Amino acid sequence: MVTAKKEMVVYCFDTLIAHYNNDQVPPPAFDDGQHPLFVTWKKVVNGGEPRLRGCIGSLKACDLISGFRGYALTSALRDRRFPPIQAKELPSLECTVSILTDYETANDYLDWEVGTHGIIIEFSDPDYNTKRSATYLPEVAAHEGWTKIEAIDSLVRKAGYNGPITESFRQGIQLTKYQSTLFTMQFSEYVSYVKEARGEAPSILGAKLHN
């Protein structure tokens, strides 16, 4: 089984820096494959808890190399919940890559475990006669301190439904659960890795980046 590893996070940082430099991305130091994946950017401000700055990925299998390259930029620059990440924010960033595994159809909306499973919900919006869906990665509910019901209700809102959430509404949710492996690296760790692996620190438009 393919697991998330630091070389994948390095590639995401490399991709973002290459974007700012209008340059080529250095070749990745991991093998390609086909897996669902996500890229998450967070920002650490004044030594506090990392705050989400972007998180986008694919719930369907995609090429790891092109997937991480694409979603590193999409999550950093085009997550509609946040303004695009600017180059000056790089020293405050941390990046997490997730590879999703073990998809299972749940028996009902409570058939999953907080801290173990990510969840995908699908349901019909009676107000607009349309299907809605959304996902939370496995670490989200545990990090927020949510119960299963709190996580479900939050995810229903994330999917865009604004009507009342009743027990019968929850019973109509189709839930898929999955697991993931992930790897997180702070920018300072990325700089140290690049110095050791390539002999010099990364730079933006000629200015060296330091941890």
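Helices α1 and α2 cross in a right-handed manner, meaning that the near helix is turned clockwise from the far one by less than a right angle. Helices here are DSSP runs of H or I with at least four residues, and strands are E runs of at least two, numbered from the N terminus. The model is predicted, so local features need pLDDT of at least 70 and side-chain atom pairs count only at pLDDT 80 or more, while totals for chains, interfaces and linings use all residues. Residues are numbered from 1 along each chain as its sequence is written, and side-chain values use heavy atoms, with hydrogens and water left out.

The axes of α1 and α2 lie 9 Å apart, at an angle of about 55 degrees; axes are lines fitted to C-alpha atoms over the stretch in contact, with angles from 0 to 180 degrees between N-to-C directions. The two helices are therefore oblique to each other, being neither under 35 degrees (roughly parallel), over 145 (roughly antiparallel) nor 65 to 115 (roughly perpendicular).

What does L16 touch, leaving aside its neighbours within four places in sequence? L16 is in contact (heavy atoms within 4.5 Å) with W41, L73, A76, L77, L90 and L93.

Now to helix α6, residues 187-198, where Y193 is found. Is Y193 buried or exposed? At 19% relative accessibility, Y193 counts as buried, since buried means under 20% relative accessible area, exposed over 50% and partly exposed in between (1.4 Å probe, protein chains only). Y193 and E7 are 186 residues apart in sequence, yet 9.4 Å apart in space, C-alpha to C-alpha.
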